[in-house]
Amino acid sequence: MIKVGIIGMGMIGRAHLDALQRIPGVEVVAVASPNLEDLVKLQEGFGIRHVFADWRELVDCPDVEAVHNCTPNHLHHEINLACISRGKVIFSEKPLGMDVQETSEAAAKAKTSSIACGVNFCYRAYPMVQWAKQLIQEGYLGEIRAIYGHYLQDWLMYETDYDWRVDSKVGGFARAVGDIGSHWVDLARYLTGLEVEEVLADTSIFWPQRIEPTSGQPVPVDTEDWATALLRFNGGVKGNVVISQISGGHQNDLQIEIVGTKRTIRWRQEDPEILWIGERGGCNQIRYKDGSAMGAVAAKHASYPPGHPEGYPDCIKNTIANFYSHVLGQGGDFPTFEDGHRAMEVVTAIIHSAETERWTRVGGGL
Ligand code: NAI
Ligand code: SOE
């Protein structure tokens with residue numbers, strides 16, 4: 001059994017705990033978060049050996065072999081590097097760091113270390129995304145011409161909506177683009193194997209101040225609610241993406257459409273069991289998850305039979321299962337720190353392009 005510790009027990013830390021309990025060969029032995037009272041409830045409820053108020057104690061705990069970093073963004077880098085330096089497996093939440101300086105350092109350290117280092121770009125691991133990737137690799141779409149889509153949310157649409165992500169010191173200089181745009185970019189890269197080379201972007205802060213709930217007072221906001229970006233991928237492939245956290249009615253609406261010379265496919269996170277296939281003169285199709293008909297890799301990501309819907313907790317579980325399959329030497333396709341750095345390079349170029357109102361080249365990886 002690989003002994004795992006989770007740092008940060010908010011929304012996603014609990015999702016990691018849930019996922020880890022569904023994966024053979026791993027055992028959660030420790031959790032860390034500032035609120036010890038909550039942790040004690042988790043300890044009793046799930047039989048977790050150690051609880052720590054300070055993440056450093058968890059990283060130093062000799063019982064812990066692998067760490068899941070589920071803290072707010074400003075803590076990702078320090079914790080990830082502490083794990084690598086202690087030889088502990090690290091699975092970090094996204095974004096990998098606050099800026100490209102941090103993400104390039106983390107990716108470089110991960111590359112030269114023998115430690116497994118993963119980042120939770122979880123949307124890759126839905127069965128229908130896996131199947132879409134397989135279809136693209138087999139040439140079912142023909143040559144790729146364009147990639148476009150959006151990632152829209154509405155949970156920050158009012159002036160009274162507030163979260164640590166709004167504060168650039170905690171969330172980073174890019175909010176909507178870093179928080180959710182990074183997922184879209186990762187998915188585009190993962191599905192097609194293409195890299196974004198240049199961007200031309202426009203961003204908006206629709207709420208230059210928001211009401212901070214603890215004080216009830218307005219505070220200035222310096223992170224974007226919105227971005228539109230034209231993208232140039234390598235090989236002349238065109239793209240565009242709309243990223244918004246103020247679009248009423250869109251809760252977690254990530255959509256990606258890929259146009260090839262033969263066919264087009266579309267996948268949408270809020271209807272994850274469906275893949276739309278468009279074909280001129282070919283009766284467009286809506287295809288549903290069915291492990292028996294999708295090919296071995298995609299089928300491995302479907303834990304239940306057709307007609308038994310799987311969703312967000314399952315894609316987290318699949319992502320983490322793939323990571324531990326790699327850790328256990330059984331092979332496993334998972335998002336690496338290099339992927340985390342690549343996504344941050346695109347995020348940075350989008351914000352820079354909006355500031356300068358110019359086409360901006362994206363850094364070229366490590
Ligand atoms: P959250 O605000 O719900 O939870 C953050 C947790 O970290 C809280 O329990 C908080 O007490 C804890 N924390 C704060 N300071 C800490 C410290 N010094 N040491 C230990 N714990 C500390 O936030 P949420 O939504 O869980 O997000 C956390 C991270 O996960 C973010 O980086 C976010 O981008 C990422 N995330 C990724 C998702 C994905 O789909 N891959 C989904 C949701 C979040
Ligand atoms: C909030 O915007 C959030 O939880 C992001 O932090 C996640 O990465 C995304 O998957 C869902 O929305």
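## Two domains in one chain

Which domains does the domain assignment of the protein chain give? The assignment lists domain 1 (2-122) and domain 2 (124-306 + 334-356). Notice that domain 2 is written as two stretches of sequence, 124-306 and 334-356. As you look around, keep in mind that this is a predicted model.

How far apart are the centres of domain 1 and domain 2? Taken over C-alpha atoms, 25 Å separate them. Where the domains touch, 21 residues from domain 1 and 24 residues from domain 2 take part in the contact. On the domain 1 side, α5 (100-112) and β6 (117-119) each supply at least two residues. Helix α5 gives the largest share of that side, with seven residues.

## The chain as a whole

Let's step back for an overview. The protein chain holds 11 helices and 17 strands. Its C-alpha atoms fill a box of roughly 60 × 50 × 40 Å along the principal axes.

Does the radius of gyration agree or disagree with that of a compact globule? A compact globule of 366 residues would have a radius of gyration near 21 Å, and because the protein chain has 20 Å, the two agree. Of the 366 residues, 49% count as buried. Among contacts between residues at least 6 apart in sequence, 69% join residues at least 24 apart.

## A strand with two partners

Now find strand β1 (residues 2-7) in the structure. Strand β1 runs parallel to strand β2 (residues 26-32), and six bridges join them. It also runs parallel to strand β4 (residues 66-69), this time with four bridges.

Isoleucine 7 lets you see both pairings from one residue. Its bridge partner in β2 is alanine 32, while its bridge partner in β4 is asparagine 69.

## The nonpolar core

How many residues does the largest nonpolar core have? This core has 99 residues, and those with the most contacts inside it are Trp184 and Ile350. At least three of the core's residues come from each of domain 1 (2-122) and domain 2 (124-306 + 334-356).

Leaving aside residues up to four places away in sequence, isoleucine 350 touches Val177, Gly181, Val199, Ala201, Ala227 and Ala229.

Note on methods
Residues numbered from 1 in each chain as written. Chains lettered and ligands numbered in written order. Predicted model: local features only at pLDDT ≥ 70, side-chain atom pairs only at ≥ 80, totals over all residues. Pairing = 2+ DSSP bridges. Core = buried A, V, L, I, M, F, W, Y, C linked by C-beta atoms within 7 Å. Buried ≥ 20, exposed ≤ 12 C-beta atoms within 10 Å, placed from the backbone. Domains from an automatic or database assignment. Contact = placed C-beta atoms within 7 Å. Rg over C-alpha atoms; globule rule 2.2 N^0.38 Å.
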